[in-house]
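Please have the sequence and the model open while reading.

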Amino acid sequence: MEVLSYMRLFVEVARMKNFRRAAEALEMPSSTLSRQIAQLEKTIGLRLLHRSTRKVELTEAGEVYFKRCQSIVEEAQIAHESLLDVAERPTGTLRVSMPVDLATDYLAPILADFSRAYPLIAFEFDLTPRRIDLQSEPFDLAIRMGPPPTAPSTLVARRIAVLQRFLYAAPAYLKKAPPLKHASDLSQHVLCIGKGATKPGGVFRFFDRDDKVVEVVSTTRFVMNSVGLSRALAKQGIGIAALDTELARDDVAAGRLIHVLPEWGLKPIEVHAITDTRFLPARTRLFIDFVKARLS
């Protein structure tokens, strides 16, 4: 058990490449962590880390030891948490990075239900679109919209939802806008659609139910990376937004938005849960399964 404890400490330092951040993740003083790693090196008889005031790097021996220890520590953690799983009492802190729009517009009620189902799990949510480093930052997983990442090769992406995107506009906008009979007519309209939907030159691609494609050139004044802002602008009568059916449901029911060109929409967008390992603690695995079941 003492050897496994040393391994766990070393793996955290090797992942973070920083004693302070590793100590914070392990919830122990940096000085204690440093002494424990020094004791490990003394016991092994090899230097595992190059230390400097700015960063920590693995020695050649440290690289070899890290590769072997990482899977051992993960397996031990899974074995330990499986006992909690049997008792239906998963614990610990779940750290998740996700985009703010996805969190507030889709996940908020799911998160509330999950927290009630597993009252011993604590949560830390980082609402950001930036690409985090799951190996060096203290996150259990990231939830991202779009295609799965291709690098680094160690990342594992699990698809948890596919969001359909159809076109919606406010009644006030449609009263003053040009006629809208076909997707090609969208070139005459204001599009409040995220910049990820455009090709160079302001070209939007719209798909019908048979995957027929119409490309529309638009000089829209509004380019954004927020679905929430796109929906808000559409409700203000500024233009046409592309929204998931569930996200637009309440506004349609209340008459604030109208589903236009129902046969046409943007390409569906995938949502993935991304981890840096296939070996997941109980709380992470349960969370991914819970969110996937609800979103689907």
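How many aromatic pairs does the structure hold? The predicted model contains 7 of them.

## A tilted pair: Phe10 and Tyr65

A pair of aromatic rings is described by two values: the distance of the centres and the angle of the planes. For Phe10 and Tyr65, the centres are 5.3 Å apart. The planes stand at 50 degrees, so this pair is tilted. The angle falls between the limits of 30 degrees for stacked and 60 degrees for edge-to-face.

Phe10 belongs to helix H1, residues 2–16. Tyr65 belongs to helix H4, residues 60–86. The pair therefore ties together parts that are 55 residues apart in sequence.

## An edge-to-face pair: Phe114 and Phe290

The rings of Phe114 and Phe290 have their centres 5.3 Å apart. Their planes are at 70 degrees, so the pair is edge-to-face. Phe114 sits in helix H5 and Phe290 in helix H9, residues 282–295. The pair links distant parts of the chain, 176 residues apart. Phe114 counts as buried, because its relative accessibility is 0%.

Which residues form one aromatic cluster? The members are Phe114, Tyr118, Phe123, Phe125, Phe287 and Phe290.

## A nonpolar surface patch

Phe125, a member of the aromatic cluster, is also part of a nonpolar patch on the surface. Val100 and Leu127 complete this patch. Together the three residues have about 240 Å² of accessible area.

Val100 lies in helix H5, which spans residues 100–117. Phe114 is in helix H5 too. Val100 has 42% relative accessibility and so counts as partly exposed.

Thr245 is found in helix H8, residues 245–253. At 35% relative accessibility, Thr245 counts as partly exposed.

What does Thr245 touch, leaving aside residues up to four places away in sequence? The contacts are Gln164, Phe166 and Tyr168. Phe166 lies 79 residues from Thr245 along the chain. Even so, the C-alpha atoms of Thr245 and Phe166 are separated by 6.9 Å.

Note on methods: Residues are numbered from 1 along each chain as its sequence is written. This is a predicted model: local features need pLDDT of at least 70, side-chain atom pairs count only at pLDDT 80 or more; totals for chains, interfaces and linings use all residues. Side-chain values use heavy atoms; hydrogens and water are left out. Patches are made of residues with over 30% relative accessible area and no salt bridge: like charges are joined within 9 Å, nonpolar side chains (Val, Leu, Ile, Met, Phe, Trp, Tyr) within 5 Å. Accessible areas come from the Shrake-Rupley method with a 1.4 Å probe; for residues, only the protein chains shown count as cover. A salt bridge is a side-chain nitrogen of Lys or Arg within 4 Å of a carboxyl oxygen of Asp or Glu. Helices (H or I, at least four residues) and strands (E, at least two) are DSSP runs, numbered from the N terminus. Buried means under 20% relative accessible area, exposed over 50%, partly exposed in between (1.4 Å probe, protein chains only). Rings of Phe, Tyr and Trp (its six-membered ring) pair if their centres lie within 6.5 Å; planes under 30 degrees apart count as stacked, over 60 as edge-to-face and the rest as tilted. Contact means heavy atoms within 4.5 Å.
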